[in-house]
Amino acid sequence: MVGFLGGMALLIAIGASWAGLGGLAGFYQEANTEEWANLAAKLVAPSQCQACHPSTYAGWAASGHRTVNCQNCHGPAAEHIQGRGKPLIENSQELCGFCHSKVTGRPADFPQVGLTEHAGQSACITCHRPHGPQAAGLRGR
Amino acid sequence: MPRGLSRRDFIKAGAGGLALASLGLGGFIASAKETSPDKAEARIRNRPGEADADWAFVVDVDKCIGCGRCVLACKLENRVPLDPLLNRTWVERYVVTRDREVHIDSPGAGVNGFPRLPGATLGEPQILKAFFVPKLCNQCENPPCVSVCPVNATYKTRDGIILIDQGRCIGCRYCIIACPYGARYFLPDAPVTPSGHARVVDKCTWCYHRITKGLNPACVEACPVGARLFGNLRDDQGVVAGLLKEKAVNVLKPALGTKPRVYYLGLGHWVQ
């Protein structure tokens, strides 16, 4: 009887340690939680772009595009800020089209056009300035 | 059963053992709490202006334009493979036709936006309603994916985020099946995770490395129209706390009892 209870207690102790390791309060997960928390962020706040690009930033901040993060078009900037890697410069219709091509499901009050009907194969930046508040008689978008 | 032990004695012994177990378990957890430095929790407590963390995510369906910048930002921030089937977050388009049929598409998870119409057979006159629904891990309060993991690789942090210890994951994929929201995916052979693990499960962490530093998740940072919002409900002045207080919100599949922490504004009954 004592042996049986002892064995049972041992089994239970093993079970409890497992529950401790795997439960919500276990230290094992604490280490892994730290691992996840310590990863480096790649997207930075747009305000970090301001120090080196003040005029572009000022134009952007006054334009309709001020809600569009710089890195949506130029790629994550963390490495660029550390002196590694160049930001993307992309002028394709496709890039503008992600937001502005006419698409079923897009809220009707959001500015959108059929790109090729509107501009043929011309790049959008021929007429529109993505950073500037005003451009060539067009609205600053 | 040992000889000479009646069924009643056996059950009694079992009950005694159970009592012993609960004592042992309680003691173990208590000692773990005392001995391990609670850095994750401490850091959150120490964040300026916030006493503690009760994270919540709000998705405003009426605002989403389906540009997919969130999907791309997530992939770049978290080294998610560019494979269109492997995603931590994605955008679905729901097109309801006049015959009340629901057509759902999500080409490449929406990473390159959407075509004008979901298919060649659907024309604009047939469409009653169309809208986009961004999806991501719901960080359920009651997560089925955690319950099924046979090796305790996936777990809930004290601040309620479901994470995976990818060094412990054996790649059995039970959790992928268990998640009712399809929020988990299997990483392929190439070691693409920040920790270099391959053939393990990966999922959205709400950018745990960002939110614990006081930053927004990458998808929230990338959203140009404010369709994705993130905040700490302990911060009474926060936008997310305010929205939950004032607006009617819905969660996905509420009947399952998973208690999601992603709250949707303007979610129609068409959405699954």
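Residues are numbered from 1 along each chain as its sequence is written, while chains are lettered from A and ligands numbered from 1 in the order in which they are written. Because the model is predicted, local features need pLDDT of at least 70 and side-chain atom pairs count only at pLDDT 80 or more, whereas totals for chains, interfaces and linings use all residues, and side-chain values use heavy atoms, with hydrogens and water left out.

Helix α3 of chain B spans residues 69–78, and eight of its 10 residues are buried, so the helix is largely enclosed by the rest of the structure; buried here means under 20% relative accessible area, exposed over 50%, and partly exposed in between (1.4 Å probe, protein chains only). Among the buried residues of α3(B) are Arg69(B), Lys75(B) and Glu77(B), as well as Cys70(B) and Cys74(B). The cover over these buried residues includes α5 and α7 of chain A, together with β2 (90–97), α6 (208–211), α7 (218–222) and β9 (228–232) of chain B.

Strand β2 of chain B also holds Glu92(B), which counts as buried because its relative accessibility is 13%. The side chain of Glu92(B) makes a polar contact of 2.9 Å with that of Tyr94(B) and another of 3.0 Å with that of Lys135(B). A polar contact is a pair of N or O atoms within 3.5 Å, of which, within protein, one must be able to donate a hydrogen and the other to accept it, and residues adjacent in sequence count only if both atoms are side-chain atoms. Beyond four places in sequence, the contacts of Glu92(B) (heavy atoms within 4.5 Å) include Ile104(B), Phe114(B) and Phe131(B).

The loop between β4 (127–135) and α4 (144–148) of chain B contains Pro143(B), and Gln139(B) is also placed there. Gln139(B) counts as buried because its relative accessibility is 0%, and its side chain is joined to that of Lys203(B) by a polar contact of 3.4 Å. Apart from neighbours within four places in sequence, Gln139(B) touches residues including Gly160(B), Trp206(B) and Arg261(B). Pro143(B) is likewise buried, with a relative accessible area of 11%; from Tyr155(B) it is 12 residues away in sequence and 8.9 Å away in space, C-alpha to C-alpha.

Chain A contains eight helices and zero strands, and 35% of its 141 residues count as buried. Its mean pLDDT (the predictor's confidence in each residue, from 0 to 100) is 80, with 74% of residues reaching 70 or more. Over residues 13–27 of chain A, however, pLDDT stays under 50. Where pLDDT is low, the predicted coordinates should not be read in detail.

The largest pocket has a volume of about 1400 Å³. A pocket is an open set of points on a 1 Å grid over the protein atoms alone, where a 1.4 Å probe fits, with protein on both sides within 12 Å along at least five of seven lines, and lining residues have an atom within 4 Å of a point. Of the 50 lining residues, the closest to the centre of the pocket are His65(A), Cys73(A), Arg129(A), Pro130(A) and His131(A).

Technical notes: Grid points are joined across faces, edges and corners, and a volume is the space filled by probe spheres set on the points. Helices (H or I, at least four residues) and strands (E, at least two) are DSSP runs, numbered from the N terminus.
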